[in-house]
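Please keep the sequence and the structure in view while reading.

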Amino acid sequence: MALAVGMRVLTRALLRPWARGLRVAPGRTGPAAGGGDGMRCFGSPRVLVEPDPAAGVAVVKMRNPPVNSLSLEFLTELLISLEKLENDKTFHGIILTSDCPGIFSAGLDLTEMCGRKPEHYVEYWKAVQETWLRFYLSNLVVIAAINGVSPAGGCLLSLTCDYRVLANNPKYTIGLNETLLGIVAPFWFKDTMVNTIGHRATERALQLGLLFPPAEALRVGVVDQVVPEDQVQSTARSVMAQWLAIPDHARQLTKTLMRKPTADRLLTERDADIQTFVRFICRDSVQKSLHAYLEKLKQKKG
Ligand SMILES: CC/C=C\C/C=C\CCCC/C=C/C(=O)SCCNC(=O)CCNC(=O)[C@H](O)C(C)(C)COP(=O)(O)OP(=O)(O)OC[C@H]1O[C@@H](n2cnc3c(N)ncnc32)[C@H](O)[C@@H]1OP(=O)(O)O
């Protein structure tokens with residue numbers, strides 16, 4: 001039932017004008033294309049997929065410049081790429097990384113949550129929920145190669161992965177910083193963090209809106225490994241090999257066993273969660289905070 005609802009959201013998204021023609025954008029043969037067996041890079045305007053069929057792995061590169069903010073279009077393209085890879089028996093794992101220098105993802109797109117109509121907020125929030133559910137419950141091994149800063153929704157996306165490798169650069173902070181924007185991380189953001197670093201550490205991190213630099217992120221457990229910047233991709237590949245050596249069915253069932261209770265909570269409260277989001281985001285005080293935050297980002301330049 002829940003899956004059917006998810007499929008409807010995805011199908012509806014695919015029917016949107018901007019989503020048409022996104023299914024395959026054939027490109028150059030990928031550098032990681034498995035010894036020239038002819039499998040090409042594919043993807044969409046904002047998501048580049050570099051397949052390595054020999055290894056059963058695809059590198060999914062987010063390229064929604066300037067900051068990989070998770071707009072409705074971008075989330076839809078990410079979902080389409082994920083679905084395509086999941087439906088292709090060649091692939092057992094994906095490495096999620098960024099094509100935008102210094103930025104993994106700036107999180108949810110603030111312009112999707114500012115000055116729009118309630119119907120838009122409903123549509124956007126459904127896409128955010130769907131992305132979390134799909135990545136969190138994916139049967140594939142998903143490894144985040146975090147090669148840039150990763151606040152809020154960017155951090156959440158990495159937390160849906162099975163393993164996180166972060167580049168050792170003090171600028172590459174990661175965390176759920178929603179309170180700094182005057183907004184609140186929803187319960188499933190919080191649950192995902194609790195499952196990763198525990199209750200007390202989450203309580204502190206979320207209330208203070210902490211963005212952890214690499215050493216701190218490793219200490220608290222937000223990431224699993226911190227490596228020199230030029231070793232992020234190779235480390236993600238070695239870790240992937242280790243995970244793919246485990247019998248797939250046993251690993252998948254264990255993942256489901258660990259994650260399903262958390263996902264079920266959102267699945268059973270999905271509509272209520274949308275209503276809560278829309279009510280919250282429509283508040284004057286919240287809109288003011290978000291506008292002020294966006295303005296601050298813009299003024300930073302000048
Ligand atoms: C009871 C409660 C129940 C329910 C809760 C309901 C609702 C709340 C839930 C909402 C959950 C929200 C999750 C989020 O993810 S919110 C987004 C959080 N993100 C951030 O705080 C990051 C903001 N960005 C930055 O800090 C910097 O941009 C960054 C990423 C460090 C990069 O810095 P830099 O390279 O210097 O680039 P600029 O800052 O100059 O940015 C370039 C350009 O991008 C625009 N931009 C940046 N971030 C975003 C964004 N997240 N969304 C949209 N646009 C963004 C920025 O404004 C610049 O635009 P310009 O036009 O000036 O070029």
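Leaving out residues up to four places away in sequence, Val184 touches Glu178 and Phe280, where contact means heavy atoms within 4.5 Å. The model is predicted, so local features need pLDDT of at least 70 and side-chain atom pairs count only at pLDDT 80 or more, while totals for chains, interfaces and linings use all residues. Residues are numbered from 1 along each chain as its sequence is written, and side-chain values use heavy atoms, with hydrogens and water left out.

**Val184**
- Val184 sits in the loop between strand 9 (174–175) and helix 5; helices (H or I, at least four residues) and strands (E, at least two) are DSSP runs, numbered from the N terminus.
- Val184 counts as exposed because its relative accessibility is 55%; exposed means over 50% relative accessible area, buried under 20%, and partly exposed in between (1.4 Å probe, protein chains only).
- The C-alpha atoms of Val184 and Arg164 are separated by 24 Å, and these residues are 20 apart along the chain.

**Asp191**
- Asp191 belongs to helix 5, which covers residues 187–197.
- Asp191 is buried, because its relative accessible area is 11%.
- Apart from neighbours within four places in sequence, Asp191 is in contact with Thr262 and Arg265.

**The whole chain**
- The chain contains 11 helices and 10 strands.
- Of the 302 residues in the chain, 52% are buried.
- Of the contacts between residues at least 6 apart in sequence, 70% join residues at least 24 apart.
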